[in-house]
Structures are given as structure tokens and as C-alpha cells.
Amino acid sequence: MRALNIAATGLQAQQTNVEVISNNIANMGTTGYKRRRAEFQDLIYQNLRRAGSQSSDQGTVLPSGAQIGLGVRTAAVYRIAEQGSLTQTENRFDLAVRGNGYFPITMPSGETAYTRAGAFGLSPEGVIVTADGFPVGGGITVPAAARDVTINAAGEVLAKLDGQVQPQNVGQIQVAIFANEGGLEAVGDNLFLATPASGQAQLGAPGAVGFGQVMQGFLEQSNVNVVQEITNLITAQRAYEMNSRVITAGDEMMSTLTRMR
């Protein structure tokens with residue numbers, strides 16, 4: 001009976017859906033997190049009567065035919081790149097991108113990763129780093145004697161030193177944009193890697209055409225809508241229950257046939 005296998009694919013699809021939703025809810029407080037959405041496709045169809053085939057010797061054809069679908073499969077899990085809300089922290093090394101762009105991060109392997117989570121700090125050497133100690137933008141060093149540090153909307157890092165009227169420019173934070181940011185590979189720790197699907201990173205100064213601005217003293221919050229996620233969870237749960245009832249109904253029908261024999 002096809003219904004058992006079809007319903008089984010439905011159960012697997014809704015299980016994936018619930019897993020995606022649960023990950024969204026789990027990361028509702030994660031800085032810079034972008035919510036995910038599962039997308040599904042129907043499987044191949046079995047033709048019982050092919051549409052357009054001849055139905056008589058006079059050349060008449062079937063107008064619609066008869067096809068039986070064989071279930072559903074997960075097509076993709078999309079990342080929704082909607083801007084999250086910006087929360088003011090008053091920490092001078094907390095940065096947020098308002099608009100398009102990711103902060104480039106230099107990994108210990110030399111590879112460049114990208115993040116929207118701008119909760120940065122200073123290393124013992126004065127380098128601006130992530131919470132894991134990875135340098136931001138190739139490494140920008142703030143002088144130990146700096147009394148204050150300002151990072152403007154264009155990403156310029158300005159350090160105010162004793163005895164100087166004008167602040168000293170000690171580095172430039174760039175942001176990266178991608179032709180298809182949905183193709184970035186998430187590797188955990190709020191980091192992404194470029195892939196052939198995302199295209200190569202295009203680096204530029206914040207505020208330039210197509211690039212977002214840097215906001216000092218702010219962090220971008222998760223863009224998860226809790227009410228919407230709970231609604232999606234209830235819908236997925238009901239769909240799972242209905243597929244399980246199909247399996248129960250199919251089992252009862254097979255049991256009836258067995259008793260008839």
C-alpha cells in the first residue's frame with residue numbers, strides 16, 4: 001500500500017521542519033542569528049494513465065490522465081537575511097552592521113570567515129578580536145595608551161591619545177557582501193564560510209554603495225519572531241499527527257484485508 005510510504009515521507013519532512021523551528025527558538029537570543037525556513041518538494045509521480053495518451057482507435061486522448069504522488073522531500077533550508085533589531089550596549093567594541101555586509105574574521109588556519117555578530121574585544125596585544133580571539137579584518141591594533149576609541153559609520157578606527165588634539169586613525173574595518181548570501185556555509189560560532197553558491201566576498205568600506213554602515217556600541221539581535229515560530233511549530237505538529245493517522249488508517253485497512261482472507 002502506497003499510503004504507508006507516502007505518509008512516512010510526510011513524517012520525515014515534518015520532523016525536519018520541527019528541527020529547523022526548534023533551532024530558531026533555541027537561538028532567539030544569539031547575536032546576529034538569522035532564522036531558517038525549511039522548504040519541501042513533492043516526489044516523483046507514478047502514472048496510472050498518462051495524460052495525452054490515446055484512449056481509442058479513433059485517436060481520442062486522455063485530457064488529464066491519472067497520477068499518484070509518492071510523497072514529499074526536503075528541498076532546502078533557507079536562511080532569512082532580514083535585519084535584526086539593534087540593541088545599544090554602550091560597549092565601544094560592540095559593533096553592528098546596519099544593512100548589507102558581514103565582518104571578515106581571520107581564522108587560525110588563515111582562512112577568512114564572516115559574521116554578523118559584532119561582540120568584539122581586545123587581545124592582550126591590543127588587537128580587535130572576536131570572543132574566541134580571532135582577529136577582525138586581518139588585525140587592527142589599538143595603542144595601549146589610547147584613552148578612547150571611536151569607530152565611525154565608515155569603519156575607521158580612531159584612537160585618542162594623550163597630547164594629541166586629533167584622534168589617530170589606527171585601522172579600517174571593512175565589510176563583505178556576497179551575490180548570494182544564502183549560499184554561505186554556517187560552521188557554528190556565528191561564523192560563515194564562502195562557497196561556490198555564495199560567490200566570492202566583495203570587500204568594501206561601510207557606507208559605500210551596496211554596503212551597510214557600522215554602528216559602534218550596538219549589537220544586532222536575532223531576527224527570530226517567537227510568535228511566528230510557535231505558530232509554525234503548532235502547524236508542523238498538526239501535520240505530523242495527520243501523517244501518523246494516515247499510517248494508522250493504512251494499517252487498519254491492511255488488517256481488514258488480512259481478516260477477509
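Me: Quick one to start: is Glu 90 buried or exposed?

Reply: This is a predicted model, and in it Glu 90 is exposed, with a relative accessible area of 64%, which puts Glu 90 beyond the 50% cut-off for that class.

Me: And where does Glu 90 lie?

Reply: Glu 90 lies in the loop between strand E5 (86-88) and strand E6, and its phi is near 70°, a positive value in a residue other than glycine. Most residues other than glycine have a negative phi.

Me: OK, what about Asp 189, what is its phi?

Reply: Asp 189 has a positive phi of about 60° although it is not a glycine; Asp 189 is found in the loop between E15 and E16 and counts as exposed, at 60% relative accessibility.

Me: Switching to Arg 116: buried or exposed?

Reply: Arg 116 is buried, with a relative accessible area of 6%, and it is found in the loop between strand E8 (112-115) and strand E9 (121-122).

Me: What does Arg 116 touch, leaving out residues up to four places away in sequence?

Reply: Leaving out those sequence neighbours, Arg 116 touches a set of residues including Gly 32, Lys 34, Gln 83, Tyr 102, Phe 103, Asn 190 and Glu 220. With Glu 220 there is also a polar contact of 2.9 Å that joins the two side chains.

Me: Last topic, what is the volume of the largest pocket, and which residues lie nearest its centre?

Reply: The largest pocket has a volume of about 190 Å³; its lining has 18 residues, of which Tyr 33, Arg 36, Ala 186, Asn 190 and Phe 192 lie nearest the centre.

Me: Which element gives the most to that lining?

Reply: Strand E15 does, with 3 residues, and the elements giving two or more residues to the lining of the largest pocket are strand E15 (185-188) and E16. By residue class, the lining divides into 6 nonpolar, 8 polar and 4 charged.

Conventions. Residues are numbered from 1 along each chain as its sequence is written. This is a predicted model: local features need pLDDT of at least 70, side-chain atom pairs count only at pLDDT 80 or more; totals for chains, interfaces and linings use all residues. Side-chain values use heavy atoms; hydrogens and water are left out. Helices (H or I, at least four residues) and strands (E, at least two) are DSSP runs, numbered from the N terminus. Buried means under 20% relative accessible area, exposed over 50%, partly exposed in between (1.4 Å probe, protein chains only). Contact means heavy atoms within 4.5 Å. A polar contact is a pair of N or O atoms within 3.5 Å; within protein, one must be able to donate a hydrogen and the other to accept it, and residues adjacent in sequence count only if both atoms are side-chain atoms. On a 1 Å grid over the protein atoms alone, a cavity is a set of points where a 1.4 Å probe fits but cannot get out, and a pocket is an open set with protein on both sides within 12 Å along at least five of seven lines; lining residues have an atom within 4 Å of a point. Grid points are joined across faces, edges and corners, and a volume is the space filled by probe spheres set on the points. Ala, Val, Leu, Ile, Met, Phe, Trp, Tyr, Cys and Pro count as nonpolar, Asp, Glu, Lys and Arg as charged, and the others, Gly among them, as polar.
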